[in-house]
Structures are given as C-alpha cells and as structure tokens.
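Subject: Structure handover

Hi,

Here is the structure I promised to pass on.

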Amino acid sequence: FDQPQARTILLNAILWAAKADVPEAGAQSSIPTSPRMGMAPPPEPQIVVLPAENAKVEAQPWGKLEWFAHRSIGNSSNVTTGQATFEPGKSNAPHWHPNCDEVLHVLKGRVINKVGDKEYEMKAGDTITIPEGVVHNTRNIGTEEAIVAISYNSADRVAIGE
C-alpha cells in the first residue's frame with residue numbers, strides 16, 4: 001500500500017464494487033510518510049551487551065541453535081541473529097518463515113542448502129538469502145561440524161515445520 005498507484009487502483013475497485021461514484025482522476029488517499037508508516041517506534045531493547053554465556057542455546061537432533069539477538073532475549077526490536085551448528089551428515093527439517101527473510105553465512109564446514117526445488121553446495125565464506133515463505137533446509141555434507149551464522153529481518157522469527 002506504500003505505492004500511490006496501487007492504492008488508487010484498490011480504492012477505485014472498492015468504490016466501483018460498492019456502486020459508488022469513482023472520481024474521474026481516481027480515488028485519492030495519503031498515508032503517513034514516516035519510515036514506520038505511522039506506527040509507534042519500537043521499544044528500546046533492555047539489553048545492550050549479551051555475554052556469551054547468556055546466549056539462548058537450543059539442542060536439536062541435528063546439532064544446536066544459539067540465539068544472540070531476538071525480542072524474547074530482550075536485545076532487539078527488529079532482527080534475530082544466531083548460529084546453527086550441524087553435526088556431520090545431519091540436517092534440519094524442511095521449514096519456512098511466514099514473517100521474515102533468512103540470511104545464512106557459512107562460517108565453518110560444507111553444507112547443502114535446499115531452497116525450494118534447488119540445492120546449493122556451500123563452503124565457509126558463502127552466503128545465501130532465502131525469501132520469506134520459501135521452504136528450505138540445511139544439510140552438513142562434511143566430516144566435521146558445520147557452523148552457519150543466521151539472521152532474520154524480524155525480532156519475532158516464526159518457523160513452520162522446524
């Protein structure tokens with residue numbers, strides 16, 4: 001709705017469907033121009049520095065997830081960051097995120113990221129971006145643990161199927 005042309009088309013369609021008069025130049029509207037579209041600013045995180053021992057660690061059948069920034073930790077209002085450690089030969093379940101994109105950066109090891117119907121072999125230093133709503137998973141194809149940095153453009157990451 002931040003594109004004036006899209007708003008005009010939608011408003012015209014609503015007026016037409018309601019059998020109301022549609023102005024010759026089209027229905028006009030305006031929206032707030034602040035970067036947050038008129039929403040109140042997010043609350044400031046309570047935590048500025050997260051000591052390593054306070055990272056939120058979640059054991060997984062394939063390894064572990066460590067969370068460094070997230071709203072539930074109290075140190076982010078806009079992003080989630082962490083890292084995933086995959087044991088050799090292990091993979092996480094195919095899953096998707098309905099509310100955020102995901103960026104994975106391989107820190108150590110070799111993995112295959114399956115994104116939709118495609119597979120991408122990756123090594124340390126490689127980065128992949130996975131769009132919101134796309135089913136994906138990661139598999140360690142090396143003989144040592146693989147470590148992948150993870151980040152999301154939401155402080156309230158949601159995963160379906162994980």
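Below are my notes on what turned up.

First, some ground rules. This is a predicted model, so I kept to these limits: local features need pLDDT of at least 70, side-chain atom pairs count only at pLDDT 80 or more, and totals for chains, interfaces and linings use all residues. Residues are numbered from 1 along each chain as its sequence is written, and side-chain values use heavy atoms, with hydrogens and water left out.

The overall picture

You'll find 1 helix and 9 strands in the chain; helices (H or I, at least four residues) and strands (E, at least two) are DSSP runs, numbered from the N terminus. Starting at the N terminus, the order is α-β-β-β-β-β-β-β-β-β. The chain has 162 residues, and 32% of them count as buried, meaning under 20% relative accessible area with a 1.4 Å probe, protein chains only. Of the contacts (heavy atoms within 4.5 Å) between residues at least 6 apart in sequence, 62% join residues at least 24 apart.

Strand β9

I'd look at β9 next. Of the 7 residues in this strand (residues 146–152), 5 are buried, so β9 is largely enclosed by the rest of the structure. Strands count as paired if DSSP finds at least two bridges between them. β9 runs antiparallel to β3, with 7 bridges joining the two, and Gly 82 has Ile 150 in β9 as its bridge partner. β9 also runs antiparallel to β4, this time with 6 bridges; here Glu 102 is partnered with Tyr 152 of β9.

Aromatic pairs

A search of the whole structure gives 2 aromatic pairs. Rings of Phe, Tyr and Trp (its six-membered ring) pair if their centres lie within 6.5 Å; planes under 30 degrees apart count as stacked, over 60 as edge-to-face and the rest as tilted. Trp 62 and Phe 86 make a stacked pair, because their ring centres are 4.4 Å apart and their planes are at 20°. This pair links distant parts of the chain, 24 residues apart: Trp 62 sits in the loop between β1 (56–60) and β2 (63–69), and Phe 86 in strand β3. Both Trp 62 and Phe 86 are buried.

Trp 67 and Tyr 152 form a tilted pair, because their centres are 6.2 Å apart and their planes at 50°. Here 85 residues separate Trp 67 in strand β2 from Tyr 152 in strand β9. Trp 67 and Tyr 152 are both buried as well.

His 97

Which residues does His 97 touch, leaving aside its neighbours within four places in sequence? Its contacts include Glu 102, Glu 132, His 136, Tyr 152 and Arg 157. His 97 is in the loop between β3 (80–86) and β4 (102–108), and counts as buried because its relative accessibility is 2%.

The cavity

The structure holds 1 cavity of 30 Å³ or more. On a 1 Å grid over the protein atoms alone, a cavity is a set of points where a 1.4 Å probe fits but cannot get out, and lining residues have an atom within 4 Å of a point. The largest cavity has a volume of about 110 Å³, the volume being the space filled by probe spheres set on the points. It has 17 lining residues, and those closest to its centre are Ala 84, Phe 86, Asn 92, Glu 102 and Ile 150. At least two lining residues come from each of β2, β3, β4, β8 (136–140) and β9.

Cheers

Note on methods
Buried < 20%, exposed > 50% of the residue type's maximum accessible area, 1.4 Å probe, protein only. 1 Å grid on protein atoms, 1.4 Å probe; cavity = no way out; pocket = protein on both sides within 12 Å on 5 of 7 lines; lining within 4 Å.
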